[in-house]
Amino acid sequence: MSTAIMEKPMANPLREGLVDGRRPQPFTLVIFGAAGDLAHRKLFPALYNLMLDRLLPAHFNIVGLARHPYSDQEFRKEIEESIRHYSRRPWDAGEFSRFADEIHYVTANFDDAEAYRQLAAILQGIADRTHMPQNHLFYMATPPSFYPIIAQNLGAAGLNKPKQESDWVRIIVEKPFGRDLASAQDLNNDLHQVFDERQIFRIDHYLGKETVQNILVFRFANGIFEPLWNHQYIDHVQITVAESLGVEGRGSYYDNAGAIRDMVQNHMLQLVSLMAMEPPVAFEADAVRDEKVKVLRAIRPFSTRDISEYTVRGQYESGFIDGSPVPGFLDEPDIASDSRTDTFVAMRLLIDNWRWAGVPFYLRTGKRLAKRATEIAVQFKTAPHRFFSQTATPELEPNVLTLKIQPDEGIALRFGAKVPGPVVRIRTVNMEFLYGTSFADAAPEAYERLLLDAMIGDSTLFTRKDEVESAWTLVTSILNGWARAKNPIPTYESGSWGPQEAEQLIARDGFRWRRP
């Protein structure tokens, strides 16, 4: 059983989502690390798509800054190749020509003070030539070690403050926001020496995904589920972020991060906070983020015993993915032979507030699992009066609401229905909504939405300082507990659903993991 929601075609989801027809003011975007993978795979295709959708202002400029030596023309050619390959929208030579005319490149080291003076001169030259407001958006698409260096040099060059009261200056910081609580606090302090909190946009691309944004709409724009969204009706919640890929050439980074830093601290705790938050007083940045922080602070802290009992980490061994053999984690390039880095994490969280008292949230994420799938499953309590016990179907399956985030974005509801015939037999059926079939146009990429919001100045989908530090408080306690543990790290075969210890974790409460 499936739904087909086609009230009206959505020719442009982003444009329809803008409040009161907001559009960015003319601006200049400066991308630090513009020759890197993130810029070419995500940022430039997103900007190109925004331009095709007429969501960029008529006047904008892009300045790329990186160490690789390019002329403007060479850099534009590189961007053309990236857009041809990664853009969700068809290639249009005329549109790209207009787009490329606004792109400039600076060859420089991020710690070279002279480069920032040169950048300031370029930005002033653009303003003089175009008579545009000096609205500047700085994007740190660099390794995290450069974040404080770039911020300090922008401040020293006087680029951290607007030239006039009507202008604005903002900075986008990519995750990871630190590697533990202390380093996150240090990074926040470094950024705050130069920028105000309202200027800082910490980007987590998960918050740009349509289904993630739809959590708020689903919960608070519909009257049917929110009254049930509490411990009286919900049995437990499972959040799964499964990847079939391995470290994919990122061994050096991943061996210093692991699944808990790479996925749990940011993406997964964001999903927890959106699922568990109270209704905000208004749909605006601080009101939404206030409620998310309350959830993170309400998560019950882990004692040493809790860490051993309610968290599981693991490493993948060799196995098969889609019928092809793959190596184990310790055999991957740039991975230490004695590494204790986690490629799989499972945990049980409890949120100590009135709404969620006693409802466990189970989180699971890992690499080299059986398939790529991200979903949130809300399992409701079973019906209290089982008067069907004398029928041909004595055991009823619980109702489950599933929010599918990737690869197929949508929402499904599982419930029981009578099988046609003279005997009462009950079969579980699904009612399903899929973005791909219910709306006329493909959903925009996450970076399109987030870049547009940063240009407008809407920080609702960006993480705030206290939000980052609250998440790290929980994760750092787990990391410290793991560091003290001397027992071997559980392993799991590539192509499986993780170590057996993860099955035992959820089985202790009488549940089992879903198979997406």
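Predicted model: local features only at pLDDT ≥ 70, side-chain atom pairs only at ≥ 80, totals over all residues.
Local features need pLDDT of at least 70 and side-chain atom pairs count only at pLDDT 80 or more, while totals for chains, interfaces and linings use all residues. Residues are numbered from 1 along each chain as its sequence is written, and side-chain values use heavy atoms, with hydrogens and water left out.

Reader: How far apart are the centres of domain 1 and domain 2?
Author: The domain assignment gives domain 1 as 27-174 and domain 2 as 207-508; such bounds come from an automatic or database domain assignment. Taken over C-alpha atoms, the separation of the two centres is 34 Å.

Reader: How many residues of domain 2 are in contact with domain 1?
Author: Contact means heavy atoms within 4.5 Å. On the side of domain 1, 18 residues take part, and on the side of domain 2 the number is 12.

Reader: Which feature does UniProt place at residues 30-214?
Author: Over residues 30-214 the chain is 45% helix and 16% strand, with its end C-alpha atoms 30 Å apart. Helices (H or I, at least four residues) and strands (E, at least two) are DSSP runs, numbered from the N terminus. UniProt positions are in the numbering used here, feature names are shortened, and annotations may be inferred rather than shown by experiment. The unreviewed entry names the feature "domain: Glucose-6-phosphate dehydrogenase NAD-binding".

Reader: Which residues does the UniProt annotation "binding site" cover, and is Arg-67 buried or exposed?
Author: The annotation, from an unreviewed entry, covers Arg-67 and Lys-175. Arg-67 is in the loop between strand S2 (60-66) and helix H3 (72-86). Buried means under 20% relative accessible area, exposed over 50%, and partly exposed in between (1.4 Å probe, protein chains only). Because its relative accessibility is 52%, Arg-67 counts as exposed.

Reader: Which backbone oxygen does the side chain of Lys-175 reach?
Author: Lys-175 is in the loop between strand S5 (169-174) and helix H7 (181-192), and is buried because its relative accessible area is 16%. Leaving aside neighbours within four places in sequence, its contacts include Tyr-147, Tyr-253 and His-267. At 3.3 Å, the side chain reaches the backbone oxygen of Asp-262.

Reader: Why is the pair of Tyr-70 and Tyr-105 edge-to-face?
Author: Rings of Phe, Tyr and Trp (its six-membered ring) pair if their centres lie within 6.5 Å; planes under 30 degrees apart count as stacked, over 60 as edge-to-face and the rest as tilted. A search of the whole structure finds 24 aromatic pairs. In the pair of Tyr-70 and Tyr-105 the centres are 5.4 Å apart, and the pair is edge-to-face because the planes are at 75°.

Reader: How many residues apart in sequence are the parts that the pair of Tyr-70 and Tyr-105 ties together?
Author: Tyr-70, at 18% relative accessibility, counts as buried, and so does Tyr-105, at 8%. Tyr-70 lies in the loop between S2 and H3 and Tyr-105 in strand S3 (residues 103-107), so the parts tied together are apart in sequence by 35 residues.

Reader: Which ring does the charged end of Lys-209 sit over?
Author: A charge sits over a ring if NZ of Lys or CZ of Arg is within 6 Å of the ring centre and within 35 degrees of the ring normal. The charged end of Lys-209 is 5.5 Å from the centre of the ring of Tyr-206.

Reader: Which side chain makes a polar contact with the side chain of Glu-226?
Author: Glu-226 is in the loop between helix H8 (210-220) and strand S7 (234-242), and is buried, with a relative accessible area of 15%. A polar contact is a pair of N or O atoms within 3.5 Å; within protein, one must be able to donate a hydrogen and the other to accept it, and residues adjacent in sequence count only if both atoms are side-chain atoms. At 3.2 Å, the partner of Glu-226 is the side chain of Arg-219.
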